[in-house]
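I opened this notebook to keep track of what I looked up, entry by entry. Each entry takes one topic and stays with it.

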Amino acid sequence: MRLAVVGSFLIAILHSILFYGQELGISVFLFCIALGFFIIYILEKCKKIKNKKALILCVPILLISATYFIFNNSFFYVANIFALIILFVVMIISALFEKTTLGLIINRAIYLLFGPIEFIEEAIGSIVDNIVVLFSKKEISEEKNGKIRKIIVGIVIAIPILIVILVLLASADSIFSKKLGEVINTIFSLDIFESETYIHLFFRAIIVIIITVYLIALLYNILEDDFTKKDAKEERNWTVDSTIGNTILTILNLVYLVFCYIQISVLFMQAGNMENFDYASYARQGFFQLMAVSVINLIIILVTSKRNEIQKKMSYTKVMNLCLALFTLIILFSSFYRMYLYEQEYGYTFLRLMVYFALITEAILIIPTVMYILDMKINLTKTYFVVIIIMYLIVNYINIDNVIAKKNIDRYFEDTSGSYELDMSYLGTLGIDAARQIKRLENVEENNIDAEVRYYLSNVRAEVNNMTLQSFNINKLIARYILSQ
């Protein structure tokens, strides 16, 4: 495990250099490259990779990590961290198994992330062994080596317990609390802690140790504990009783038939023709609910289509599921149209554009779903996963803040009637990606817009001027150039 120990330590050092006290930027991209290469190299060296096709997930991992040095959207700033963790976990598990199912991935994902806790002692022991070998010319007896391991493990475990106990005792006794405070103040008033640099070094060292131990324990979890033989419980090959399923499908299809008739006759056919009818308010009432209904319909189709044997003929269940898929498409379109009406009235926002993408994604998922209903050969789980990843990458790379600002500002300049009111309070919350568009409003004095624009640009200027090597970002560089004009 020497290679794993050294590699984990270097990854932890790299993490400290790239992230400690820094904003996220190109650092995420560089760290994902290093971490991915390290894990894949260890698994390949130990001959654990059974499915090399899983490594293609490196592509979306790198593309998502690259967004941190291209764009500055605050939502994806957080969401992409979870996306990267999920992709890394799925890639590792898929690479370790020749065949994977959704149940297996979920089960192994939990064990992959939390299983390393069982191997903390082994991880610390590996570190101690390597330190002893490095600094000692003579071999230490196994018994003495084991005692050193146990002492260090005991210290590591005792520290968090000690902190909790001290906090409880301090809250229980005011005199003890006062004395404890005096001791802590005395310690931190010593010369070695006089400079903040030493405190930062102390915390950086703690983080490096934690990451090193976790990575080693993670590799122990995968390699030493025969991770792949502890398979998840086999998925039950269950089916819904055909009579029950058909009854549910028939009732739902009748309800959706009436609903879709109303949608087509009122919302689509008579849009704009009904006097004193507020279509924007009508639209606002329903698009989120209809989107939820469409998701439920997809689940019902998948559940009622599950079968033990492939049905060669067009059964009643298949017909009902196909009808449900059709009604789901109409509902998705209705939700899309409602959002369009609402957006035309009140403008573009991040949430509204994300709803568009969610609806388009669901509509695309209907295609493999219909193929599944018709018994065509298709791995539905993997197809769904690929479609969702592709759509997620697209929404990451369209520069959504820039799109929102451009669409709203274009509409403001194109509105000759003066009825469209620009929501500067919202545009001011957009990130640096929108700077190019918002700068177009610099000379607009109406409704005090120019003052709000100057305030927004001053905040952007302060942010882009503090860019470091680790937080390097292309759009920050572009914004700096635009503001200098």
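**Ground rules.** I noted at the start that this is a predicted model, in which local features need pLDDT of at least 70 and side-chain atom pairs count only at pLDDT 80 or more, while totals for chains, interfaces and linings use all residues. I also noted that residues are numbered from 1 along each chain as its sequence is written, and that side-chain values use heavy atoms, with hydrogens and water left out.

**Salt bridges.** I looked up how many salt bridges the structure holds, and the number is eight; the term stands for a side-chain nitrogen of Lys or Arg within 4 Å of a carboxyl oxygen of Asp or Glu. I looked at glutamate 23 and lysine 476, whose closest N and O atoms are 2.8 Å apart. Glutamate 23 lies in the loop between helix H1 (2-19) and helix H2 (26-45), and lysine 476 lies in helix H20 (residues 474-484), so this pair ties together parts that are 453 residues apart in sequence. For helices I kept to DSSP runs (H or I, at least four residues), numbered from the N terminus. Glutamate 23 is partly exposed at 37% relative accessibility, whereas lysine 476 is buried at 2%; buried means under 20% relative accessible area, exposed over 50%, and partly exposed in between, with a 1.4 Å probe and protein chains only.

I then turned to aspartate 410 and arginine 440, whose side chains meet in a salt bridge of 2.8 Å, N to O. This pair links distant parts of the chain, with aspartate 410 in helix H16 (residues 400-414) and arginine 440 in the loop between helix H18 (435-438) and helix H19 (449-464), 30 residues apart. Aspartate 410 counts as buried at 17% relative accessibility, and arginine 440 counts as partly exposed at 35%. Lys406 joins Asp410 and Arg440 in a network of salt bridges.

**Backbone angles.** I reminded myself that most residues other than glycine have a negative phi. Which phi does lysine 47 have? The value is positive, about 55°, although lysine 47 is not a glycine. Lysine 47 sits in the loop between H2 and helix H3 (58-66) and is exposed, with a relative accessible area of 75%. Asparagine 399 also has a positive phi, near 55°; this residue lies in the loop between helix H15 (380-397) and H16 and counts as buried at 14% relative accessibility.

**Cysteines.** I searched for disulfides, meaning pairs of cysteine sulfur atoms within 2.5 Å, and the structure holds zero. Cysteine 32 is buried at 7% relative accessibility, while cysteine 46 is partly exposed at 39%.

**A charged patch.** My last entry concerns a negative surface patch formed by Glu118, Glu121, Glu122 and Glu224. Such patches are made of residues with over 30% relative accessible area and no salt bridge, with like charges joined within 9 Å and nonpolar side chains (Val, Leu, Ile, Met, Phe, Trp, Tyr) within 5 Å. Glutamate 118 lies in the loop between helix H5 (102-114) and helix H6 (120-135), and at 52% relative accessibility it counts as exposed.

Definitions and conventions
Areas by Shrake-Rupley, 256 points an atom, 1.4 Å probe, with all protein chains shown as cover. Lys, Arg positive; Asp, Glu negative; His and termini not counted. Charge placed at Lys NZ, Arg CZ, Asp CG, Glu CD. Helix = DSSP H or I, 4+ residues; strand = E, 2+ residues; numbered from the N terminus.
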